[in-house]
Amino acid sequence: MKQKNSKSIHVLIACGGTGGHLFPGIAVGEVLASRGHEVTLLISEKKIDTLAASGHPELRFEKMPFLAMPKPWSPKMFGFLKGLWQGTKACRKIIRDHDVDVVLGMGGFTSFAPLYAGRKEGCHTLIHESNAIPGKANRLNARYSDIVLCGLEACKEHFPKHEDVRVVGTPIRSNMRKQNSDDPRAFFKLDKDRRTLLVMGGSQGARGVNRAVGMALEEFERMGIQVLHIAGPTDYEEVRDVYAKIPLLKQHVAAFCHRMDLAYRAADLAIARSGASSMAELAYFGVPSLLVPYPHAAEDHQTRNAEIFDKAGAALLMRESDLNADTLADAVRSIFNDTRKAGEMKKAAQKLAVKNSAEKIAELLVKTAAG
């Protein structure tokens, strides 16, 4: 493995493709950069990656055309393997050009080429798995990693053959954790004293959640609550038009939110997918939630994630197939009408938070690079 006399190291973080990989990767990069280390973040060409990167001009980003792995006998496999070879070649060049010491993969097949290239170039390699159940990609990535990092304790059992598996939580970006005096509800032009429901479908939206919420808006209006809805770029116009039909409901609808710290602070309750990154943020801010797992997630990992929060009393798990105007409105009402229940859910969420995850990972990277 490479070793340097200098205390400064260069870390390559592969984190493109989804917010669940991207935002935790950025969080680790921020800590490293703030401590004088060099960081290069590999991202995809997706719109979400470009949007997120635009909010962090202090970090160096490199785009790479990552491909999702097709089924073994799919005609797309040739193109995937070609792209993988080209990606590995490009990563090896980046590692050599920047004298990279450590490669950190935040998950998915987008991490495979950087990790494999890192191994070939003599770098230390680590992966991070945020979910309770790792996908096929990270099971493969683990073979090319010196250390496996897990966001949840339940994940450890899925890497029984790996010698070094550690639970470190899921990192949250520094701008989410900064203390400020901004009035979160005023920022979104919402009423200061009205109970607030936050709706979010993750970095790319969630059509099933968006439509179910749309059906329940009249009930929400009757409850006297207000809604802060992050719809995702794809569904934004459709969601906006549905809200326009309920003009008396106090609302703020957006495609994307660069101030999620204020969104969480504004919320008394959230309706969300159960991606690991969103759940880490809900825990950090102590927001009670209704978690609706994405039904087609690999290994059904979002359901397992939600079960952990549900069992702890931090959230209620709701299947997308069970969502309709009545079930959703009843669930929201049951929490808003029970102050004690809402308070217990808040405390349970806070107990699940690992607030220094980004720092723990950054320190481990530096220690690993030092040998």
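Guide: Helix α1 (residues 19–34) lies across β1 (10–14), β2 (38–43), β3 and β4 (102–105), and runs at about 165 degrees to β2. The model is predicted: local features need pLDDT of at least 70, side-chain atom pairs count only at pLDDT 80 or more, and totals for chains, interfaces and linings use all residues. Residues are numbered from 1 along each chain as its sequence is written, and side-chain values use heavy atoms, with hydrogens and water left out.

Visitor: What makes a run of residues a helix or a strand, and what does the angle refer to?

Guide: Both are DSSP runs numbered from the N terminus: helices are H or I with at least four residues, strands E with at least two. Angles, from 0 to 180 degrees, are taken between N-to-C directions of lines fitted to C-alpha atoms, for helices over the stretch in contact; contact means heavy atoms within 4.5 Å.

Visitor: How do you know that β6 and β7 pair?

Guide: Pairing requires at least two bridges found by DSSP. Strand β6 (residues 147–150) and β7 have 3, in the parallel sense, so they count as paired. Leu149 stands opposite Arg166 in β7.

Visitor: Why are β3 and β7 called edge strands?

Guide: In the open sheet the order is β3-β2-β1-β4-β5-β6-β7. β3 (60–63) and β7 (165–167) each pair on one side only.

Visitor: What makes a group of residues a nonpolar core?

Guide: Its members are buried Ala, Val, Leu, Ile, Met, Phe, Trp, Tyr and Cys residues joined through side-chain atoms within 4.5 Å, where buried means under 20% relative accessible area (1.4 Å probe, protein chains only). The largest one has 36 residues, of which Leu198 and Tyr264 touch the most other members. α12 (276–285) gives the most, with 6 residues.

How values were computed
Buried < 20%, exposed > 50% of the residue type's maximum accessible area, 1.4 Å probe, protein only.
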